[in-house]
Amino acid sequence: MADHSVVSVADGPWKQTREEVSVLRWEEPPEGPVLILLDQTRLPTEEVELVCTDVPALLEAIRTLAVRGAPLLGIAGAYGVALAAVRGYDVDEAAELLARARPTAVNLGYGVRRAAAAYRRALAEGMAPERAAAAALAEARGLHAEDAEASAAMARRGLELLGELVPGGGYQLLTHCNTGALVSGGEGTALAVVLAAHRAGQLRRLWVDETRPLLQGARLTAYEAARTGMAYTLLADNAAGSLFSAGEVDAVLIGADRIAADGSVANKVGSYPLAVLARYHRVPFIVVAPTTTIDPGTLDGASIEVEQRAGHEVTEWAARPVAPLGTQAYNPAFDITPADLITAIVTENGVVSPVTADALAALGAPGAPGHDQVMG
């Protein structure tokens with residue numbers, strides 16, 4: 001049974017100021033280690049934390065999207081393995097459950113495998129279970145730090161790319177779903193680039209797709225934009241076309257949950273239509289994601305498993321029906337954008353443009369030393 005409690009960020013031993021709200025952290029109170037998550041389902045009206053004391057609680061948080069976003073899922077998965085190890089649970093079982101919790105986000109399995117491998121390696125070297133658990137925790141912390149570094153590198157590279165593609169600054173940027181600090185060990189992926197433009201005085205306007213049916217753009221991206229003081233405007237997803245036709249979009253920046261070997265990108269449903277609009281209107285369409293999101297084992301977009309979520313997310317809003325009783329709903333969590341619609345993929349190791357299988361492979365495996373830009 002999931003074992004977690006809920007605390008306000010202003011309560012209890014984890015008291016913080018509003019400016020210091022963290023998305024995910026490991027704590028070791030007297031009663032035992034816990035993983036603390038900002039409950040993203042309660043944003044933007046409440047900043048509430050979930051205190052997970054076991055893997056079932058973390059699994060529930062992942063499945064309900066209390067914790068979400070590809071890079072952060074990888075970090076959460078690694079800490080989940082460490083939590084199982086430190087508290088004496090079956091690490092192999094925990095790793096298997098965590099890795100399967102959301103099938104499209106490749107980072108989740110990557111983080112789980114890294115922490116589990118560190119634990120097993122320590123046991124194989126003759127270490128006691130306690131020291132092996134410490135090794136898993138160290139691996140999770142290492143991944144957390146690496147993601148923060150990757151976020152900073154992507155922000156820098158992405159801003160440089162914008163300067164090449166859209167000279168002059170004063171950018172009007174359109175984004176979809178949420179790709180900021182809420183999905184990362186650092187300041188995010190695509191939204192980190194937007195934030196870098198804002199800090200450089202080069203952002204004129206961030207256009208925020210509401211991102212139906214769960215409104216991650218309205219609830220989360222607008223929340224982050226407001227906290228950082230950037231100029232932003234929220235729009236209904238189906239209003240994006242009018243923005244393009246009016247010439248109000250200089251570039252589209254999105255994240256990714258999985259990038260296939262051929263450069264096809266799985267991202268929050270609604271991303272593919274934006275890519276089509278961007279191509280028609282000759283607007284750069286840029287994907288920003290760490291190399292941990294690249295999956296060489298998935299050959300193409302058709303091979304990506306797309307998570308299908310419950311129909312009530314479409315037919316209900318705040319537990320109230322918005323469609324007739326019995327209505328069936330099509331509710332894929334993601335869609336696939338083919339490589340030929342993508343102007344560039346920005347990673348911490350380099351920028352790929354045009355997007356090809358060979359150029360992606362040249363970036364190296366996750367965690368490899370940084371490379372120069374791979375642009376043809």
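Which residue in β15 is the bridge partner of V265? The answer is T337, and this pair belongs to a sheet described below.

The structure is a predicted model, in which local features need pLDDT of at least 70, side-chain atom pairs count only at pLDDT 80 or more, and totals for chains, interfaces and linings use all residues. Residues are numbered from 1 along each chain as its sequence is written, and side-chain values use heavy atoms, with hydrogens and water left out.

Confidence was examined through pLDDT, the predictor's confidence in each residue, from 0 to 100. The protein averages a pLDDT of 92. A score of at least 70 is reached by 91% of the residues. Over residues 6-19 the pLDDT is below 50. Beyond near neighbours in sequence, this stretch has 32 contacts in the model, where contact means heavy atoms within 4.5 Å. The pLDDT is also below 50 over residues 367-376, a stretch with 29 contacts beyond near neighbours in sequence. Where pLDDT is low, the predicted coordinates should not be read in detail.

The largest nonpolar core has 50 residues. Such a core is a set of buried Ala, Val, Leu, Ile, Met, Phe, Trp, Tyr and Cys residues joined through side-chain atoms within 4.5 Å. Buried means under 20% relative accessible area, exposed over 50%, and partly exposed in between (1.4 Å probe, protein chains only). The residues with the most contacts inside the core are L24, L35, L37, I62, Y79, V81 and L98. Helix α2 (residues 70-86) gives the most to this core, with 11 residues. Helices (H or I, at least four residues) and strands (E, at least two) are DSSP runs, numbered from the N terminus.

Helix α2 is mostly covered, with 16 of its 17 residues buried. At 1.5 Å a residue, these 17 residues should span 24 Å. The expected span is 1.5 Å times one less than the number of residues. The end C-alpha atoms of α2 are 25 Å apart, which agrees. Just after α2, G88 takes a positive phi of about 80°. Y79 is in contact with L24, W26, L35, L137, A140, R141 and H144, leaving aside its neighbours within four places in sequence.

A search of the whole structure finds 0 disulfides, a disulfide being a pair of cysteine sulfur atoms within 2.5 Å. C52 is buried, with a relative accessible area of 0%. C177 also counts as buried, at 7% relative accessibility.

An open sheet of 4 strands has the order β12-β9-β10-β15, with mixed pairing. Two strands pair if DSSP finds at least two bridges between them. β12 (294-295) and β15 (334-337) stand at the edges, each with a single partner strand, so one side of each is left without a neighbour in the sheet. Strand β9 (residues 258-260) runs parallel to β12, and 2 bridges join them. Here A260 has D295 as its bridge partner in β12. β9 pairs with strand β10 (residues 265-268) in the antiparallel sense, over 2 bridges. R258 stands opposite A266 in β10. The two strands β9 and β10 form a hairpin with 4 residues between them. In the turn, G263 has a positive phi of about 95°. β10 and β15 run antiparallel and are joined by 4 bridges.

T298 lies in the loop between β12 and α10 (312-315). At 9% relative accessibility, T298 counts as buried. Not counting residues up to four places away in sequence, T298 touches R258, A260, A261, S303 and I304.
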